[in-house]
Amino acid sequence: MGPRRFRWVLHVDLDQFLAAVEVLRRPELAGRPVIVGGRGDPTERAVVSTASYEARAYGVGSGMPLRVAARKVPDAVILPVDRPVYEAASGHVMDTLRGLGTVVEVLGWDEAFLGTDVEDPEAFARRAQRAVLDATALHCSVGIGDTRVRAKIATGFGKPAGVYRLTAESWTSVMGERPVVDMWGVGSRVARRLAAHGIGTVSQLAAADEAVLVGEFGPRMGAWYGELGRGEGSAVVDDTPWVARGHSRETTYQRNLTTPEQVTAALGELAAQAHADTEAEGRPVFRVGLKVRYAPFFTRTLSRKLPAPTRSLDEVTAAVLDLAAGLEPGREVRLLGVRAEMVMPSGGAGAGSTPVRGRV
């Protein structure tokens, strides 16, 4: 169908998705604290991908080091990430949503936007929940909004397994006094930058001088943060197949890399993997990125546009190693990542209809 503007946007978010899939595979885990991350070994360097609600009650969250999570919940069941199984489960869910006869814009494994013009969006949301539960035995929460932003934020009020509507009429009463970090796309770093301008709540962001926001974040993101504070934005849902802008590969090393030779060899491997991913799509690379996490836990990212798009592994690798020349000598490295951004094909949907895509 392509992009369409709808009266209602629904955001469907599967509850504790990875953990829920694991419980379906192992029913004896129901009601127990389940943590999914890395290779399932808390003695290794890895992070939590998803935790069940029972584990979250102890303060475990996505992105937390796995060994920290294991200390918080000593009796937790810690399982390795099983990507093929999650992709299959996600595909079943998305096919079920498409069977409702509406436009479905997939955001990731566990979430999607739906568009509808029905008179009773709550009834439609509950219909979607029943369809997913009947087809997959997975529960989901649904946010209803008159924009994508409001639908996305509404989902958080509906969890777990509920439905919540957030519109222009209720926006200020529901969100106005909340901290900006509660917003979709506002992390702690952005919140600190806003705080430097005296902006701490959603209402303050809504009323902020756009010139101040543009001066801080640039013309695109500055204007978008202003809209975000008011819950404004697009009500378009687009089922055009999403096309990746790039591919990234990264590794957390169980033992820190301590010499330039080790870093060079590791980057060569990562560059080759990222390049192979781009070659599988047959698109040239026009920009490369480098991510480094020094011990104990300081992360830096660098990127560079290539002189011309290329499909040459040697040129991609050379550009990555050029970026690596800017790394701090003598510091031990615990993680490296390489990203290869590709020339977009005509007609691709790219990174979505908002500056922020994916989970929050």
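Me: How do I read burial here; is Tyr294 buried or exposed?
Reply: Look at the relative accessible area: under 20% means buried. In this predicted model, Tyr294 has a relative accessible area of 1%, so Tyr294 is buried.

Me: And what does Phe298 count as?
Reply: Between the cut-offs of 20% and 50%, a residue is called partly exposed. Phe298 comes out at 42% relative accessibility and therefore counts as partly exposed.

Me: How many aromatic pairs does a search of the whole structure find?
Reply: Rings pair if their centres lie within 6.5 Å. Searching the whole structure gives seven aromatic pairs. One of them joins Phe217 and Tyr225, with ring centres 4.7 Å apart and planes at 55°, so this pair is tilted. Phe217 and Tyr225 are both buried.

Me: Why is the pair of Tyr294 and Phe298 stacked?
Reply: Planes under 30 degrees apart count as stacked. For Tyr294 and Phe298 the planes are at 10° and the ring centres 6.3 Å apart, so the pair is stacked. There is also an aromatic cluster, formed by Phe17, Tyr86 and Trp109.

Me: Which residues make the contact?
Reply: From H10 come Glu210, Leu213, Val214 and Phe217, while H11 brings Pro219, Met221, Gly222, Ala223, Tyr225 and Gly226. Sorted by class, the contact of H10 with H11 has seven nonpolar, two polar and one charged residues.

Note on methods: Residues are numbered from 1 along each chain as its sequence is written. This is a predicted model: local features need pLDDT of at least 70, side-chain atom pairs count only at pLDDT 80 or more; totals for chains, interfaces and linings use all residues. Side-chain values use heavy atoms; hydrogens and water are left out. Contact means heavy atoms within 4.5 Å. Helices (H or I, at least four residues) and strands (E, at least two) are DSSP runs, numbered from the N terminus. Ala, Val, Leu, Ile, Met, Phe, Trp, Tyr, Cys and Pro count as nonpolar, Asp, Glu, Lys and Arg as charged, and the others, Gly among them, as polar. Rings of Phe, Tyr and Trp (its six-membered ring) pair if their centres lie within 6.5 Å; planes under 30 degrees apart count as stacked, over 60 as edge-to-face and the rest as tilted. Buried means under 20% relative accessible area, exposed over 50%, partly exposed in between (1.4 Å probe, protein chains only).
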